[in-house]
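Please consult the sequence and the structure shown below while reading.

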Amino acid sequence: MVVTLDDTKRDAIAAKLGDIKLIQQLLIQNEELFLRESTDNEISNTFHRMLEDDRKNLGILDTVIVQYGIQREAEQNVQQLAQKVRQLMQGNELSFYEKVFQHELLKHQQVMNGLTIHKAAQKVGADVMAAITPLNTINFENRAHQEQLKGILEILGVRELTGVDADQGIWTRVQDAIAAISGVFGSAVTQNSNQQDMNIQDILRMDHQKVNTLFTELLNCNETQKIQEYFGQIYKDLNAHSDAEEEVVYPRVRPFYGQANTQELYDEQAHVKVLLDQLKSMNPSASEFKNTIRRLMEEVNDHVREEENTMFAGIRNNMTNNEAEELCTQFKTAKSRIQQEMARKRTQVSA
Ligand SMILES: [Fe+2]
Ligand SMILES: [Fe+2]
């Protein structure tokens with residue numbers, strides 16, 4: 001028996017994340033269009049701030065998807081919906097009010113997608129919960145945007161129907177509603193709002209913690225199906241993480257971390273990959289499987305300790321904050337591309 005690397009539940013969540021990303025891109029396009037079409041200062045300012053949040057959130061979403069470890073296109077029906085909305089927004093069949101109305105529906109859909117993923121993640125595993133945590137920030141901001149859109153709709157609707165302005169105090173009511181939501185979502189939400197300023201150490205540490213969570217989940221588990229699922233994720237995550245490190249991080253640190261120390265990191269990862277491939281051809285219900293996982297976990301932990309203690313110190317002493325943030329972006333881009341290539345290879349093999 002050979003381990004299957006892909007898991008249906010995890011793939012379904014990945015597709016939902018694909019939906020969220022597509023809708024997020026659509027929200028941004030709509031808001032750019034509204035800024036061109038709006039003639040009201042206050043409304044324009046609100047859209048301007050919303051657009052800034054949404055652009056930042058698209059970046060956070062990209063991080064979440066790469067950290068989650070499985071990339072999927074949006075579902076067919078969502079792609080069709082996006083196409084339809086794009087046409088409606090660009091055409092002139094709809095009034096400005098009606099366009100904003102459609103936009104509010106999309107925001108609602110985005111909030112519901114976020115909540116659904118959150119609930120589903122609780123069922124699948126602690127590693128999934130950890131990977132998607134930053135989605136909470138996006139969801140909180142989208143709920144706030146929904147309230148702002150309701151305010152805009154009230155102003156536009158009354159104006160369109162009667163030609164006169166709505167009552168004063170709409171924005172005060174919007175602010176009160178947002179304050180009420182922030183109470184519901186709680187303070188945990190704001191902790192992750194700086195994700196766009198992550199440096200290379202933060203993102204590597206996040207990956208290290210995730211794989212550690214996966215090891216713990218696997219070792220505490222006695223269900224063969226679940227063990228397969230956790231191993232599949234460990235296999236994909238460790239390979240993508242190591243390849244991306246070898247491509248962008250190790251060459252960058254070599255001048256100050258030293259030739260011998262850097263070579264050691266490459267060698268250790270080469271051995272980790274050998275163990276991963278051995279495990280892939282083993283029976284996950286055999287006791288030998290968990291023993292090999294324990295060996296792998298020890299090797300990974302030693303390697304991680306070297307990176308986090310010595311290599312990170314080297315980065316702190318030899319690179320500026322900007323350089324460390326740039327390296328983070330390069331790492332994410334490389335890892336995202338590697339994940340896609342690995343997925344393509346897996347489908348070729350299974351076809
Ligand atoms: Fe690492
Ligand atoms: Fe590494």
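How many helices and how many strands does the secondary structure of the protein contain? The protein comes to 12 helices and 0 strands, where helices (H or I, at least four residues) and strands (E, at least two) are DSSP runs numbered from the N terminus.

The model is a predicted one, in which local features need pLDDT of at least 70 and side-chain atom pairs count only at pLDDT 80 or more, while totals for chains, interfaces and linings use all residues. Residues are numbered from 1 along each chain as its sequence is written, chains are lettered from A and ligands numbered from 1 in the order in which they are written, and side-chain values use heavy atoms, with hydrogens and water left out.

**Overall dimensions**

Taken along the principal axes, the C-alpha atoms of the protein fill a box of roughly 75 × 45 × 35 Å. Of its 351 residues, 50% count as buried; buried means under 20% relative accessible area, exposed over 50%, and partly exposed in between (1.4 Å probe, protein chains only).

**Two helix pairs**

Two packed helices are described by the angle between their axes and the distance between the axes. Here the axes are lines fitted to C-alpha atoms, for helices over the stretch in contact, and angles run from 0 to 180 degrees between N-to-C directions. The table sets out two such pairs.

| Pair | Residue ranges | Axis angle | Axis distance |
|---|---|---|---|
| α1 and α2 | 8-37 and 41-68 | about 155 degrees | 9 Å |
| α9 and α11 | 224-257 and 287-318 | roughly 30 degrees | within 12 Å |

The angle of about 155 degrees between α1 and α2 makes α1 roughly antiparallel to α2. The angle of roughly 30 degrees between α9 and α11 makes α9 roughly parallel to α11. Angles under 35 degrees count as roughly parallel, over 145 as roughly antiparallel, 65 to 115 as roughly perpendicular and the rest as oblique.

The crossing of α1 and α2 is left-handed, and the crossing of α9 and α11 is left-handed; the term applies if the near helix is turned anticlockwise from the far one by less than a right angle. The contact of α1 with α2 has 16 nonpolar, 5 polar and 7 charged residues. For α9 with α11, the contact has 15 nonpolar, 5 polar and 4 charged residues. In these classes, Ala, Val, Leu, Ile, Met, Phe, Trp, Tyr, Cys and Pro count as nonpolar, Asp, Glu, Lys and Arg as charged, and the others, Gly among them, as polar.

**Helix α9**

Helix α9 has a kink of about 45 degrees centred on E246, the bend being the angle between axes fitted to the seven residues ending at a position and the seven starting there. The end C-alpha atoms of this 34-residue helix are only 42 Å apart, short of the 50 Å that a straight helix would reach at 1.5 Å a residue. Because 24 of its 34 residues are buried, α9 is largely enclosed by the rest of the structure. G258 follows α9 and has a positive phi, near 100 degrees.

The 28 residues of α6 should span 40 Å at 1.5 Å a residue, and its end C-alpha atoms are 40 Å apart, which agrees; the expected span is 1.5 Å times one less than the number of residues. Q146 is placed in α6 (residues 135-162) and counts as buried at 5% relative accessibility. Just after α6, G163 takes a positive phi of about 75 degrees.

E42 lies in helix α2 and counts as partly exposed at 45% relative accessibility. The C-alpha atoms of E42 and K210 are separated by 43 Å.
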